[in-house]
Each structure stands twice: as structure tokens, then as C-alpha cells.
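I opened my notebook today to look up a few things in a structure, one entry at a time. Here is what I wrote down, in the order I went.

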Protein chains: 2
Amino acid sequence: MTERKRKVEVCLSPALYNEFSNDDAIVVIVDILRATSAIVTAFMNGVKSIIPVATLDEALAYKKRGFFVAAERDGIVRDFADFGNSPYNFKRELIEGHDIVYSTTNGTHCIMMARNSYRVLIGGYLNLDALVSYIVKENRDLVILCAGWKNKFNLEDSLFAGALAESVLRHDGYTTDCDSAHASIDLWNLARNNMMAYIDKAAQRHRLKKNNLDDVIAYCHTLNLTSVIPTLENNYLTLVKNNQ
Amino acid sequence: MTERKRKVEVCLSPALYNEFSNDDAIVVIVDILRATSAIVTAFMNGVKSIIPVATLDEALAYKKRGFFVAAERDGIVRDFADFGNSPYNFKRELIEGHDIVYSTTNGTHCIMMARNSYRVLIGGYLNLDALVSYIVKENRDLVILCAGWKNKFNLEDSLFAGALAESVLRHDGYTTDCDSAHASIDLWNLARNNMMAYIDKAAQRHRLKKNNLDDVIAYCHTLNLTSVIPTLENNYLTLVKNNQ
């Protein structure tokens with residue numbers, strides 16, 4: 001008896017997710033600059049849980065209930081917030097053991113739209129190898145959901161989708177007939193040996209630079225700083241349990 | 001006084017078009033395998049006009065009114081139709097001087113969604129250089145709208161978008177900050193010297209092969225067979241007027 005091969009697919013924008021929705025799949029949410037890189041960093045530094053919220057109003061409501069809140073818009077930390085959205089804000093001494101609220105419009109939307117899948121994971125270069133090991137062990141279809149920018153394709157998320165898709169497809173039992181997976185893998189291989197020069201083309205890099213937030217770009221493209229994998233449980237993010 | 005530069009953007013799927021809609025732009029519709037290649041071929045062979053319709057019911061209604069109709073699904077010509085949807089069906093002796101109806105679900109949807117733009121053009125490798133000359137002469141923003149496959153990204157349309165975007169961007173006065181334009185150009189440059197090998201990855205190639213329709217693939221990737229440019233006027237396609 002031959003087992004059905006597991007599919008690897010890349011969804012280049014949340015606006016296309018309806019075409020990829022798959023209740024049996026692991027869905028990895030990717031928002032390299034900066035939401036998923038920041039969330040992985042927070043768990044690396046000992047946060048207990050993260051509640052992702054889409055609006056500043058929701059963030060403020062949690063703040064009033066006593067939660068630590070990360071909230072900024074256009075690079076400016078909101079006055080009610082404890083810190084901004086940059087991965088650099090999530091220092092161990094500030095967050096270890098705490099539940100925190102993270103305000104991210106694109107990221108929260110993607111996380112919630114995938115909630116009916118088998119499992120939602122939060123990914124980035126920072127935990128790439130850990131993701132691959134976990135995904136292959138679970139032996140499920142994989143959908144890589146790029147948060148993009150306001151529903152548009154973006155380069156930085158697509159390159160990472162290529163890195164993850166290629167790494168999973170190297171394992172027995174995985175296949176793809178997804179054109180966006182092929183394209184992402186080719187773009188990743190074009191960029192991988194000179195990532196910072198390649199990312200210089202990306203619109204988000206220029207948006208961050210304009211707001212003096214581009215110091216995080218190299219950090220967010222660092223490979224395998226940690227083996228933590230955040231996952232969605234009900235409405236909050238926590239660590240996956242059977243991760244080794 | 002410095003003139004504002006013209007923007008070049010690539011929309012990788014009709015499901016993303018809302019983010020690109022621009023009343024002042026020329027929009028080029030791309031469905032390389034096979035709708036826009038077939039439409040360009042029909043004008044090259046002397047068709048008078050083409051009425052694009054989305055459903056077989058609409059095609060049948062036109063047939064009853066005496067129109068020539070191209071209609072197939074899954075590679076099988078419909079019994080009421082005069083011919084199928086392949087570019088090879090549009091022979092000069094069959095279509096010269098006629099108005100014909102062309103049934104294409106994806107293609108018609110894209111053409112109609114862009115109808116409020118400055119001008120809608122039908123493009124492919126077959127008329128690439130003519131498109132570039134016309135676009136540059138008109139000196140407008142450019143949106144390249146890939147028909148994709150059932151709202152998903154596809155390789156063959158994105159590669160052509162890269163070819164067209166790169167050619168227009170070589171001219172003074174054009175710029176892009178569109179990540180999907182950068183990605184399409186990079187994919188085009190990766191593929192251009194060995195297009196048939198590259199296209200072997202594309203899902204649509206395998207769909208066509210399964211239905212013995214893959215004989216059109218090389219033809220649809222032939223550069224500059226013609227200088228005709230079909231455009232939308234009201235609900236039908238005709239030749240652009242000031243094309244030289």
C-alpha cells in the first residue's frame with residue numbers, strides 16, 4: 001500500500017487563503033518584518049503566552065485589565081503600551097513568565113483565518129530548522145501563509161516561504177504541484193547567498209528605513225537562533241508541546 | 001519641473017486586483033495558457049472583434065443569435081460551438097472578418113474587472129514588443145494583471161509579467177516599488193533562456209498535457225509573432241487604433 005504524499009503549498013497573500021484552506025494541514029504564518037519574528041523572539045526570551053490582537057482598541061482594553069501590551073503604529077509606541085512591536089523590545093528581563101498582548105493588524109488576521117486548520121504555527125528564519133523537524137514529525141499537509149503587506153505579495157515573506165518549502169520537500173513523502181511554492185523556492189535560491197542585498201529591493205525595507213526601524217532587518221533574517229515554536233491554542237499563542 | 005514617474009505594478013491574481021485598481025493606468029491582461037495567446041492569434045489572423053464571455057450559457061445564447069463561437073471545457077469542444085479555445089483553432093480562413101465569441105472563465109473575469117481603467121490591453125509573448133511600444137507611447141501607469149488559475153498564482157503568467165515589466169522599466173520615466181514586479185522580473189530572468197524546461201514545473205502545463213493540449217505551450221511562448229494589440233471597447237475586444 002502506498003501512502004498518499006503530503007502536499008506543500010505556499011499562499012502568497014491572506015487574500016488568497018480561501019483557495020488553500022485545508023482543515024488537515026499545518027499552517028505556518030509568516031510575517032518576517034516583523035510580527036512573526038517578534039513573536040518567536042518573545043517565546044525565546046521566556047514569555048508565557050501572547051494574545052495577538054488586530055486593533056489598538058483591543059490592545060487598550062487588555063491593558064486596562066492589567067496585561068502587558070506591545071503596541072505601535074508607524075514606529076511610534078502608543079502611550080498606553082508597555083513597549084513597541086520590534087523583536088528588540090522583547091527582552092527576557094521584561095517579559096519572562098508574563099502573558100503579553102501583541103497588536104498586529106496583518107499578523108492577527110492571518111493567525112485567525114487559519115484557526116480551523118489542524119495546527120497554526122508561527123514561523124521565521126529564527127526558528128526555521130525547528131519548524132522543519134516538527135512539521136516532518138507530524139507528517140501532515142503544509143500550507144505556508146505569507147502575511148504580505150495589506151493583502152499584497154511581499155518579497156521577504158515569500159523568500160522565507162521558499163526556504164521552508166524547500167527544506168520540507170527534501171524529506172520523503174512530501175510533494176508539491178503548487179506554482180507559488182516553485183516560485184518561492186526559486187526566489188529563495190536566488191537570494192539566499194546575499195540576502196541583505198536582495199531584501200534591499202523589498203518595499204517593506206524602505207518603509208522601515210523611513211521610520212528608522214530597519215535595524216531589525218538583519219536580525220529577522222538570522223537562521224536558527226532558537227528551537228521554540230509558538231502555536232495557537234484557543235485565542236492565544238503558546239509553545240507547541242511535543243517539540244524536541 | 002520634474003514629471004511624476006509612471007508606476008509599473010504586477011498583480012499576481014485577480015483576487016488581489018482591488019489593491020491595484022487604478023483608473024489612470026493601462027491594464028494588460030495576461031493568460032498565457034491559453035486565453036490571451038488565443039485572442040492575440042485571432043486578431044493576427046484577421047478577426048473583426050471578439051466578445052469574451054464567462055459562461056457556456058452566454059456562449060450558447062450568442063450562438064443562437066448567429067455568432068461564431070469558441071467554447072470548450074476540459075479540452076473538449078462543445079457541440080454547439082464552431083471551434084475550441086486553442087490558438088490553433090483561429091485560422092485565418094475560418095475567422096477573417098468575423099465577430100466571434102470566446103468563452104473563458106478566468107480571462108473574461110479579469111477583462112471585465114479592469115474595465116474602468118484608462119485602457120485594457122490583451123497581451124502575451126506573441127505581441128510583447130508591440131505592447132511595450134504602445135505602453136511607452138501612451139506614458140501611463142501600468143498594471144499587469146495575471147489571470148492565474150482559479151485565483152491562484154501561476155508561473156506562466158507571472159514570468160510574462162516579468163518580461164513585460166522589465167521591458168517597460170528600461171524606458172525613462174518608469175519606476176516600481178512593487179514587490180511582485182521585482183519577483184516576476186527575477187523569475188523571468190531565471191527562466192528566459194530555457195523557458196520550456198522551466199515551464200515544465202507549471203501546474204497548467206500538466207493540466208494541458210493530461211488533456212493532450214500541451215502542443216500549444218511552445219507556440220504561446222513564441223516572441224513577437226505579431227504587432228496587433230487587442231483592447232476592450234464597451235463589451236468587446238477590437239484592435240487598438242493608434243498602434244504603429
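**Entry 1: two helices in chain A**

I kept in mind that this is a predicted model. I began with the residues that meet between two helices of chain A. On the α6(A) side I listed A:Ser158, A:Leu159, A:Ala161, A:Gly162, A:Ala163, A:Ala165, A:Glu166 and A:Leu169. Across from them, α7(A) brings A:Ser184, A:Ile185, A:Leu187, A:Trp188, A:Asn189 and A:Ala191. I sorted the residues of this contact by class and got 9 nonpolar, 4 polar and 1 charged.

Next I looked up how the helices lie. Two packed helices are described by the angle between their axes and the distance between the axes. Helix α6 of chain A covers residues 155-169, and helix α7 of chain A covers residues 179-191. Their axes are 7 Å apart, and the packing angle is about 105 degrees. Angles of 65 to 115 degrees count as roughly perpendicular, so α6(A) is roughly perpendicular to α7(A).

I then turned to chain B. Here the axes of helix α6 (residues 155-169) and helix α7 (residues 179-191) come within 7 Å and cross at roughly 105 degrees. That makes α6(B) roughly perpendicular to α7(B). The class count for this contact is 9 nonpolar, 4 polar and 1 charged.

**Entry 2: how the two chains relate**

My question was: by what turn can chain B be laid on chain A? I found a turn of 180 degrees with a shift of 0.0 Å along the axis, and the RMSD is 0.0 Å. The two copies are therefore related as by a two-fold rotation axis. The same surface serves both copies, as 100% of the contact residues of chain B recur in chain A.

I also noted the size of the interface. On chain B, 26 residues are in contact with 26 residues of chain A. The area buried between the chains is about 2,100 Å², and carbon and sulfur atoms give 62% of that. Within chain B, the residues that lose the most area to chain A are B:Lys152, B:Phe153 and B:Asp179, together 27% of what that side buries.

**Entry 3: a covered helix**

I moved on to helix α1 of chain A, residues 35-44. This helix is mostly covered, with 9 of its 10 residues buried. Among the buried ones I wrote down A:Ala35, A:Ile39, A:Val40 and A:Phe43. After α1(A) comes A:Gly46, which has a positive phi, near 90 degrees.

**Entry 4: A:Ser49**

Is A:Ser49 buried or exposed? Its relative accessibility is 9%, and buried means under 20%, so A:Ser49 counts as buried. I located A:Ser49 in strand β3 of chain A, residues 49-53. Leaving out residues up to four places away in sequence, A:Ser49 touches A:Phe43, A:His98, A:Asp99, A:Ile100, A:Tyr236 and A:Leu237.

**Entry 5: A:Ala147**

My last stop was A:Ala147, in the loop between β9 (142-146) and α6 of chain A. A:Ala147 is buried, and its relative accessible area is 0%. Apart from residues up to four places away in sequence, A:Ala147 touches A:Pro14, A:Val30, A:Asp31, A:Asn106, A:Cys110 and A:Asp157.

How values were computed
Residues are numbered from 1 along each chain as its sequence is written. Chains are lettered from A and ligands numbered from 1 in the order in which they are written. This is a predicted model: local features need pLDDT of at least 70, side-chain atom pairs count only at pLDDT 80 or more; totals for chains, interfaces and linings use all residues. Side-chain values use heavy atoms; hydrogens and water are left out. Axes are lines fitted to C-alpha atoms, for helices over the stretch in contact, and angles run from 0 to 180 degrees between N-to-C directions. Helices (H or I, at least four residues) and strands (E, at least two) are DSSP runs, numbered from the N terminus. Angles under 35 degrees count as roughly parallel, over 145 as roughly antiparallel, 65 to 115 as roughly perpendicular and the rest as oblique. Contact means heavy atoms within 4.5 Å. Ala, Val, Leu, Ile, Met, Phe, Trp, Tyr, Cys and Pro count as nonpolar, Asp, Glu, Lys and Arg as charged, and the others, Gly among them, as polar. Buried means under 20% relative accessible area, exposed over 50%, partly exposed in between (1.4 Å probe, protein chains only). Copies are superposed by least squares on the C-alpha atoms of residues with pLDDT of at least 70 in both. Buried area is the accessible area (1.4 Å probe) that two parts lose on being put together, summed over both.
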